[in-house]
Amino acid sequence: MMETAIDPNSRTEHRPDLAEEMRLLLPPQTIIRRKEPLARRTTLRVGGPADIYVEPASIEELQSVIKFCAEQKLPLFLLGRGSNLLVRDGGFRGVVVCLCQPHFSRIETAGEHLSCGAGARLKAVAAEAKRRGLAGLEFLEGIPGSVGGGLRMNAGAMGGEIFQVVESVRLIDLKGRIEERAPEDLVVRYRSCQSLKTQIALGAVLRGQPALPSQIAERMNEFSRQRWDSQPAAPSAGCIFKNPLTIPAGKLVDELGLKGARVGGAYVSAEHGNFIVNDGTATAQNILELIELIRGRARAQRGIELETEVEIVGD
Ligand code: EPU
């Protein structure tokens, strides 16, 4: 979340007029909704509504939204494809922005470079790279996120992580200023890009290496097979915890005998210990309690402090 607000009186639930004010500032193509349910916009399928939900259709509209939030001191949250996100049951008291209109979802290829909008799906990026005969991006195939979310989390799979293939990132700050940055200029770690907690990714240029599409396809199929063999298909947020240095979190949960452990409609997947699955009836509270149960057992029995990988937002 981008904290533009600290004053509780600026919170959106006390200001039902805010969405109307925003509407007057923006053209009709900007989608603005009040009390937008977020559960269906996350892969975990839990969580309450956003007080205000916005889909800008252009950079200028996004700049207006950012300016409005700064002036009104409203908390701003950038929603990607919701695949690494746990929204609490009370929802989000602020403005949720999603860059999913076509302007932000473009993928353009030039030589060995793919210029991708923040809203483009990582799966679509991997498919386009394959079509253009560019190798090295196959691991993105199985990550159910967007480019923006992937950058924010430094998403990874199959030994790869997105910042290994990033040439440059286009950012906008909370004053609406746009800049292009090299990855070396950003604070990038395992499953996080700290710089994107205070700035918003508009897109990135990714780099591939020329290869035969058949070889790329073979690698993608192999990754896909490995994923289906080891990870559940049911609704989840991918891995819940970051891997500690000493043991993969999934293996630890498995060794603690917690596979199948359940709180309400949330349970630990039998296929992979680092996945919490929603049986269709889970609440965010169920998932949070199950997370705490696992953390408590890891701490008590193994002295390991598990840290969540999923972003947890809302009230
Ligand atoms: N393992 C168990 N029991 C389990 C799960 C795993 O013993 O229930 C063992 C496996 O046999 C293996 C080791 O733990 O020896 C590691 O498991 P796996 O290969 O599944 O990889 P992981 O470390 O659990 C990481 C990423 C995944 C990514 C996979 C595949 C993290 C937290 N997780 O999982 O990323 O898909 O590698 O490359 O870094 C995500 O970030 O959301 C995510 C799913």
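Mentor: A residue counts as near a molecule if one of its heavy atoms lies within 4 Å of it. This is a predicted model, in which local features need pLDDT of at least 70, side-chain atom pairs count only at pLDDT 80 or more, and totals for chains, interfaces and linings use all residues. Residues are numbered from 1 along each chain as its sequence is written, and side-chain values use heavy atoms, without hydrogens and water.

Trainee: What makes up the surroundings of the ligand?

Mentor: The ligand is surrounded by 20 residues, the closest being Met158, Tyr190, Cys239, Asn243 and Asp254. Helix 6 (249-255) gives the most to this shell, with 3 residues.

Trainee: Why is the pair of phenylalanine 77 and phenylalanine 92 called tilted?

Mentor: Rings of Phe, Tyr and Trp (its six-membered ring) pair if their centres lie within 6.5 Å; planes under 30 degrees apart count as stacked, over 60 as edge-to-face and the rest as tilted. Here the centres are 5.9 Å apart and the planes 50° apart, so the two rings pair and are tilted.

Trainee: Are phenylalanine 77 and phenylalanine 92 buried or exposed?

Mentor: Both are buried, which means under 20% relative accessible area, with exposed over 50% and partly exposed in between (1.4 Å probe, protein chains only).

Notes: Helix = DSSP H or I, 4+ residues; strand = E, 2+ residues; numbered from the N terminus.
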